[in-house]
Amino acid sequence: MKNLLLPERVDALPEITFDVQARRWRYRDSRQFASMEAVRTQAERYLEKEKQALVKLGSDYSEGRIDLKELQQQAAKRIKHIHIAQMIQALDRQADLTPAKFLGVARSLKQQYHSGKDPLTGKRFGIKHLATDIADGKVSPAQLTNRLRMFGESGKVTYWETKSAIASDNGIKEARRILGDAEHCRHCPKYAALGWVSLSELILPTQRCECRTNCKCTVEYR
């Protein structure tokens, strides 16, 4: 069980760290406790910064500033930061941060790195597969930028999985998918039309829909 324990301090954000003993977030410089609202704000800023940095890797590679190996390494690092930031944004209370939440992030990252499989098409996805396509000459500079942008949106997967895990922890039994203010694919309206379902039956935003990480749907719990 040792691997399920959090370290004494979780350095998840540039300016804020999680004090495991106190089960509270602290500012790095002053060591004062930070409110959950402040933590989420910091996570949002960090998220946007890392998403921009991830997309910029496309032009860095296309213009010869980095090679393919460095593109993979830097993309993996940025995606990790994005998923951690989205996990933190999904937290409602300080005590919601548990080892299980980090395990959820790890599962999502495994897919984004190399083991992803689209349930609708069966097509594999992940940074590993993107690198293969680049090496094979199948990706234009514009396509590379767009694919990196979609990886940047993949943190939504972790966000909604974290939200559902917290709901389950709090004894919530049901949820429903809510359509976002956007043009929908053919799947999202069908999932929203299901209404209230058990958490185990809920199809989360970005999952099993043609929108993929562009999905704008949300979830309501009760």
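**Entry 1. Cavities**

I began with the second largest cavity and noted that α2 and α4 (127–135) each supply at least two residues of its lining. I record here that the model is a predicted one. The volume of this second largest cavity is about 40 Å³. I listed its lining as L68, L71, Q72, A75, I127, L130, A131, I134 and L148.

I then consulted the search of the whole structure, which finds two cavities of 30 Å³ or more. For the largest cavity I noted a volume of about 50 Å³. Its lining consists of R176, R177, Y191, L194, G195, V197, L202 and I203.

**Entry 2. Helix contact**

I next looked up helix α2 (residues 68–90) against helix α6 (residues 155–169); their axes come within 8 Å and cross at roughly 35°. I recorded the crossing of α2 and α6 as right-handed. From α2, the contact is made by I82, H83, Q86, M87, Q89 and A90. From α6, I listed G155, K156, T158, Y159, T162, K163 and I166. The residues of this contact divide into five nonpolar, six polar and two charged.

**Entry 3. Sheet**

Finally, I examined an open sheet of three strands, in which the order is β7-β6-β8 and the pairing antiparallel. I noted β7 (197–198) and β8 (218–221) as the edge strands, each pairing on one side only. Strand β6 (residues 174–178) is joined to β8 by four bridges, and the two run antiparallel. I found A175 opposite Y221 in β8.

Terms used. Residues numbered from 1 in each chain as written. Predicted model: local features only at pLDDT ≥ 70, side-chain atom pairs only at ≥ 80, totals over all residues. Heavy atoms only, no water. Axes fitted to C-alpha atoms, helices over the stretch in contact; angles between N-to-C directions. Left-handed = near helix turned anticlockwise from the far one by under 90°. Contact = heavy atoms within 4.5 Å. Nonpolar A, V, L, I, M, F, W, Y, C, P; charged D, E, K, R; others polar. Pairing = 2+ DSSP bridges. 1 Å grid on protein atoms, 1.4 Å probe; cavity = no way out; pocket = protein on both sides within 12 Å on 5 of 7 lines; lining within 4 Å. Points joined across faces, edges and corners; volume = space filled by probe spheres on them.
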